[in-house]
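Please consult the sequence and the structure alongside the text.

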Amino acid sequence: MLTSEERDRLADANPDALLADGFEEAYIGVCLRFNTALAAYDYDKCIDVLMKRDGMSYEEAVEFFEFNTAGAYVGPSTPGLLSRPLSP
């Protein structure tokens, strides 16, 4: 969850870091891409947000997220996404 403390921590590490609006619940911390600090989001939690908030099916949420968020490059401070491995 993106708190004001986490937002400050990210801004201290990279004042130009971008956030994925509407996905605060899926924020998991700071990641690095070529020594640049970026906002990091849990991919599966982002899908859950779309399903709960917008009433999308799983398939609709994945398609929407892939096209509009995961597939969007908005510069070197674009947020990172983490896809966790499935449990055995």
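## Cysteines

Cys31 is partly exposed, because its relative accessibility is 25% (buried means under 20% relative accessible area, exposed over 50%, and partly exposed in between, with a 1.4 Å probe and protein chains only). Cys46, with a relative accessible area of 1%, is buried.

A disulfide is defined as a pair of cysteine sulfur atoms within 2.5 Å. By this rule, the count is zero disulfides. Cys31 takes part in none, and the nearest cysteine sulfur, that of Cys46, lies 12 Å away. The sulfur of Cys46 is therefore too far from that of Cys31 for a bond.

## Basis of the model

The model is predicted: local features need pLDDT of at least 70, side-chain atom pairs count only at pLDDT 80 or more, and totals for chains, interfaces and linings use all residues. Residues are numbered from 1 along each chain as its sequence is written, and side-chain values use heavy atoms, with hydrogens and water left out.

## Leu50

Leu50 belongs to helix H2, residues 43-54 (a helix is a DSSP run of H or I with at least four residues, and a strand a run of E with at least two, numbered from the N terminus). Leu50 has a relative accessible area of 0% and is therefore buried. From Pro15, Leu50 is separated by 35 residues in sequence and by 27 Å in space, C-alpha to C-alpha.

## Asp21

Asp21 is found in the loop between helix H1 (4-13) and strand S1 (27-33). Its relative accessible area is 68%, so Asp21 is exposed.
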